[in-house]
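Subject: Structure handover

Hello,

Here is the structure for you to look over. My notes follow below it.

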Amino acid sequence: METNQELQALLASIGLKEVMVEKDSMDPFNSELFIIYTPEEYLQSERKEMDEIYRIGEKVLLHKTSGLRIEYVTSESYFGDEYTYRLKSIFIITKRGEKLQVTETDFNHKIFTTSKGMISFSEVSLKRLP
């Protein structure tokens, strides 16, 4: 992302924010727009066990129409009445299995800008992958 303002605009375009808080089991975003999963790498990691003690986890929100993946570190409040999402990374996984950080998204032309150049939405996997 070029600036924090561009990051905020990208997230807002799909109904998300850099930090979101869930209260009373009400999602802070439209969950119907996303496939939500915990990365396999995280599930197999040593840090997962430590994180559980502190009520921390990781979730990926896979945007169903574009394939954009937004990874959040999640934390549960002491009393369990709030769940906070903090942005960790924004990436895509190509149909070839490459994980690429996204720096810009053009929803009108259906193109992602990544470190490897421009990638069409059609080249992006919409499957839940690790």
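Strands here are DSSP runs of E with at least two residues, helices are runs of H or I with at least four, and both are numbered from the N terminus.

Before the rest, the ground rules. This is a predicted model, with residues numbered from 1 along each chain as its sequence is written. Local features need pLDDT of at least 70, side-chain atom pairs count only at pLDDT 80 or more, totals for chains, interfaces and linings use all residues, and side-chain values use heavy atoms, with hydrogens and water left out.

Strands

Strand 3 and strand 4 (residues 69-76) run antiparallel and are joined by seven bridges. Two strands count as paired if DSSP finds at least two bridges between them. Five residues sit between these strands in the hairpin, and there Gly67 takes a positive phi near 90°. Strand 3 also pairs with strand 2 (residues 34-37), again in the antiparallel sense, over four bridges. Leu62 in strand 3 is the bridge partner of Ile35. Strand 3 is mostly covered, with six of its eight residues buried. Buried means under 20% relative accessible area, exposed over 50%, and partly exposed in between (1.4 Å probe, protein chains only).

Salt bridges

The whole structure holds seven salt bridges. The criterion is a side-chain nitrogen of Lys or Arg within 4 Å of a carboxyl oxygen of Asp or Glu. Three of them deserve a look.

- Lys88 bridges to Glu58, with the closest N and O atoms 3.2 Å apart. Lys88 lies in strand 5 (residues 82-93) and Glu58 in strand 3 (residues 56-63), so the pair ties together parts that are 30 residues apart in sequence. Lys88 is partly exposed at 43% relative accessibility, whereas Glu58 is buried at 6%. Through shared partners, salt bridges join Glu41, Arg47, Glu58, Glu71 and Lys88 into one network.
- Arg47 bridges to Glu41, and their closest N and O atoms are 3.1 Å apart. Arg47 is partly exposed, at 31% relative accessible area. Glu41 is partly exposed too, at 46%.
- Glu52 meets Lys48 at 2.5 Å, N to O. Both lie in helix 3 (residues 46-53), four residues apart, which is about one turn of the helix. Glu52 is partly exposed, with a relative accessible area of 48%.

Helix 3 and its surroundings

At the start of helix 3, a side-chain oxygen of Ser45 comes within 3.4 Å of the backbone nitrogen of Lys48. After the helix comes Arg55, with a positive phi near 60°. Met50 has its place in helix 3 and is partly exposed at 48%. Met50, Ile53, Tyr54, Ile56 and Val73 make a nonpolar surface patch of about 490 Å². Patch residues have over 30% relative accessible area and no salt bridge; like charges are joined within 9 Å, and nonpolar side chains (Val, Leu, Ile, Met, Phe, Trp, Tyr) within 5 Å. Areas come from the Shrake-Rupley method with a 1.4 Å probe; for residues, only the protein chains shown count as cover.

Helix 1

Leu7, Leu10 and Leu11 are buried in helix 1 (residues 4-13). Seen down the axis, the buried residues of helix 1 fall within an arc of 95°, so they line one face of the helix. The arc is taken from the directions from the helix axis to the C-beta atoms. On the other side of helix 1, Gln5 and Ala12 are exposed.

Best wishes

Technical notes:
Polar contact = N/O pair within 3.5 Å; in protein donor to acceptor, adjacent residues only side chain to side chain.
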